[in-house]
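Subject: Structure handover

Hello,

Here is the structure for you to take over. Please open it alongside this message.

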Amino acid sequence: MRAWLHGGGKLTGFKQKLLASILVAGTLTAPAWAVKKDAGRVRRYAVRDFAKFVNPFSGTKTNGETFPGASAPFGMIQWSPDTGPARRQAGYKYGDSLITGFSLDRLSGAGCPYGDNFGFVPLLNASGIRPPVGRAGFLLPFSHANETARPGYYSVKLDDGIKVELTTTQRSGFGRFTYPANCSPTIAINAGSNVNGTRDASIRIDPKSHSISGAVTGGHFCGFPDVGTIYFYAVFNRPFSTYGTWGDSLLMKGRTNSGGNSAGAWVTFEPGGGKTVLAKVAISYVSVRNARLNLEKESPLSEFTSGAFERAAAKAGSEWNSWLNRIQVSGGIDADYRTFYTMLYHALLDPTVCSDVNGEYMGYDGNVHVIQDGQPQYADFSGWDIYRSECQLLAIVAPDRASAMAQSLVRDYKQGGAFPRWGVPNMDSGVMIGDPAAAMIADFYAFGAKNFDTKAALAGLLRAATDTSVCARRTGTYERPALAEYLKLGYVPADQDGGNVSMTLEYNSADFALSQFAGALGDSVDSAILLRHAQYWKNLFNERTGLFGMRKRDGSWIPASEDTVDYFGSSQAFVEGSGEQYVWMVPFNLRGLTDKMGGRKTALARLDTFFTQINGGFKSKYAFLGNEPCLETPYIYCFLGEPYKAQRVLRKAINELYSAAIVAYPGNDDLGEMSSWYIFGALGMYPELPGSDVLVLGSPLFRKAVLHLDGGDVTIIGHGASRNSPYVHALTIDGRKWDKAWMRFTDISHGAKIMYELRRTPDTKWGSAPDDVPPSYN
């Protein structure tokens, strides 16, 4: 019976009658079904409840820098509590016991605070309202024992008895505020709550329509010069009895509008309407009018009851569950299910939609544009982080969305003058180094997201890789700083600030990814040129020290002792890492790197020592799997003919560094990058080479995983899989014996059955032959 209930047979005759009788008896609920179309075929599969495994609080206490509030997949709005009074990366820290408001936007897992605009503050009355100074003007005590969160829903009962419940659609939020008896229900909205400060704030109350709207300018991600304006429109289900506004330090009772560097408003609701106040809100980066359009389209005011709130929250949860079902795992333990689906949830939060329902968005040239192709515009690209595995995961599970993200980057280039390195709404922040857009776009394409203007993308990326004048017009940030020196000398020289060795290595990876993209599009000439550029790493490998080092413009070496390191682990030579960590960052030519090190035995010995610790920190000579430069390093064992060691290190990291608990991550999640690393590791594969469809193999954590791809289902069977049996003894793909420690995504993208034999003891022979190692490109 189980087979035909879960898609293994056809429901006809007796089976239909039997199922109907069971359902009527109440002993079984009918499964939900998802439908996928590919190659003219229609595939149906049962949708399981994976949302129950997600813990939105995961990573909120240390390192992860995530948030627990409500958001849709890739949602523009993230309605979530802000805690304090100190500034927090995603607005929230689990160790705090005070809430400063419930604001509408933020970044998940970023290394710096950003957003937290328009904090909603529920109050028992308006008697104590004072113009707040920044985000910490209101402090609401609460206990984590009274918090609840699930995908698309958040609630907390504050110590004063007010219960706050939040849910969202793509661009709008729906809030339910339940007040205790004998109070005067009040809500304030702080237009000055942005975590990095504000200017040009304005707010307006319209008592007739029970609405409040406003705008504010802010930004400055990681202290950089990016600025942009965000707008909101909120409407309530009850009329106002009293109201007022503030502008900077001036409080104005009875006023309906105000402005200043900061501003805000409060409203008290007419008595007699019960204990519940409902609020709907939407945001836009274009105008208040568009925020209202977003609200009316996605959360119609005709549905403005507590019952409607319940339905909206259920719909948000159902949408999340549908996305989570794109990868179905089974044959594991509950703790690993919780970690897997919590990581997948976090990987699907970003990048975020930044265009409105009418197709308008604020371009990187500071002008309003209208999308012509129907694809939404996206922002929040943590480029230096997500090119390593997040982009590939999104292309696999959401090729339409990933294609739109690639097209968004092309629009950013055309309108802003350069591809973004770390793109936020309105403009590129310019944070971090390298040219990650090249790898991001090539990653999307290599893993099946191809519905974008590939010709324009290639032309723009080739220009950025060869034209020293390419820069963001509004900020003057060059897409590739020191490009002239890189092209002339074959490296970024020591007098270039900001991690010149890391910069060279990042440009090498970008050039390799771009060479793959150009080759895939038939441009063999530029592909060959870029592949040569990708080998410039050889110019900085100091054979005397066995590490990458700084060189002057005249070619002479800078002694390592002169490379000062700050407390972030950054230095003149390296960014967020040490020389011992960056020495492995040639993922596309590990054979060449091995030769430079003195051969396979020497490289293996160094790698064994490197993994004495797996999360040593920025300054360590050992591995730091909590940050991006080291993410590819465990898989290097596969290139050296000892994949069993990769399997051991990976399982240790998966078991020890990740969980669904409030302490869950070895480092910042970086808008889903660390989560995506876990997902690939648990599936037993990893996109090691930027811009390439090569998947280097580890081993699966679960006995079964099914990836529902557009081209067909990929089923991964792990016979003997468990937390303590990571070692591969045999592998078949579609029944064919497979001894290689790698495959290509194109080998499985139209559907495949991958079967592992796994044990607790290593097989030192599997994948060890010279012909079985993954490819290197010289």
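Below is what was found in it, by topic.

**Confidence**

This is a predicted model. The protein chain has an average pLDDT of 93, and 93% of the residues reach at least 70. Residues 1-30 are another matter: pLDDT stays under 50 there. For that stretch the model has 25 contacts beyond four places in sequence. Where pLDDT is low, the predicted coordinates should not be read in detail.

Take the three-stranded sheet to begin with. It is open, antiparallel, and ordered β25-β26-β27. β25 (381-382) and β27 (427-428) are the edge strands; each has a single partner, so one side of each is left without a neighbour in the sheet. Strand β26 (residues 422-424) is joined to β27 by two bridges. Glycine 423 sits opposite aspartate 428 of β27.

The other sheet has six strands, is also open, and runs β20-β32-β33-β37-β34-β35. Its pairing is mixed. β20 (327-330) and β35 (736-737) stand at the edges with a single partner strand each, so one side of each lacks a neighbour in the sheet. β20 pairs with strand β32 (residues 704-709) through four bridges, in the antiparallel sense. Valine 329 has alanine 705 in β32 as its bridge partner.

**Cores**

The largest nonpolar core holds 225 residues. Phe236 and Phe340 have the most contacts inside it. Helix α12 (residues 500-520) supplies the largest share, ten residues. Another core, of twelve residues, lies apart from it; Tyr153, Tyr233, Leu295 and Ala308 are among them.

What does phenylalanine 340 touch, leaving aside its neighbours within four places in sequence? Its contacts are Ile327, Val329, Tyr678, Ile679, Ala682, Leu683 and Phe702. Val329 is the residue bridged to alanine 705 in β32.

Helix α7 (residues 390-397) is mostly covered, with eight of its eight residues buried.

**Rings**

The whole structure has 42 aromatic pairs. One of them is phenylalanine 118 with phenylalanine 232, a tilted pair at 4.4 Å centre to centre and 40° between the planes. Phenylalanine 118 lies in the loop between β5 (98-103) and β6 (119-123), and phenylalanine 232 lies in strand β14 (residues 227-236), so the pair ties together parts that are 114 residues apart in sequence. Buried or exposed? Phenylalanine 118 is buried, at 0% relative accessible area. Phenylalanine 232 is buried too, with a relative accessible area of 0%.

Ring pairs also link Phe50, Phe53, Tyr337, Phe340, Tyr341 and Phe702 into a cluster.

Two charged side chains lie over rings. Lysine 280 is over the face of phenylalanine 174, 4.6 Å from the ring centre. Arginine 388 is over the face of tryptophan 384, 4.8 Å from the ring centre.

**Two single residues**

Threonine 268 is in strand β18 (residues 263-269). Its relative accessibility is 6%, so it counts as buried. Beyond neighbours within four places in sequence, threonine 268 contacts Ala126, Ser184, Pro185, Thr186, Pro239, Phe240, Ser241 and Thr242.

Asparagine 778 is in the segment after β37 (752-759). It is exposed, at 59% relative accessible area. Not counting residues up to four places away, asparagine 778 touches Leu531, Gln535, Lys538 and Asn589. Its C-alpha atom is separated by 45 Å from that of glycine 91, which is 687 residues apart along the chain.

**Backbone geometry to check**

Most residues other than glycine have a negative phi, and most peptide bonds are trans. These sites depart from that pattern.

- Glycine 84 and proline 85 are joined by a cis peptide bond, omega about 15°. Proline 85 is in the loop between β4 (78-83) and β5.
- Aspartate 350 and proline 351 are also joined by a cis peptide bond, omega about -10°. Proline 351 is in the loop between α5 (334-347) and β21 (352-353).
- Asparagine 63 has a positive phi, near 65°. It lies in the loop between β2 (41-47) and β3 (70-71) and is partly exposed, at 34%.
- Aspartate 248 has a positive phi of about 55°. It is in the loop between β15 (240-247) and β16 (250-253) and counts as partly exposed, at 33% relative accessibility.

Best regards

Key. Residues numbered from 1 in each chain as written. Predicted model: local features only at pLDDT ≥ 70, side-chain atom pairs only at ≥ 80, totals over all residues. Heavy atoms only, no water. pLDDT = per-residue confidence, 0-100. Contact = heavy atoms within 4.5 Å. Pairing = 2+ DSSP bridges. Phe/Tyr/Trp six-rings, centres within 6.5 Å; stacked < 30°, edge-to-face > 60°. Buried < 20%, exposed > 50% of the residue type's maximum accessible area, 1.4 Å probe, protein only. Lys NZ or Arg CZ within 6 Å of the ring centre and 35° of its normal. Core = buried A, V, L, I, M, F, W, Y, C linked by side-chain atoms within 4.5 Å.
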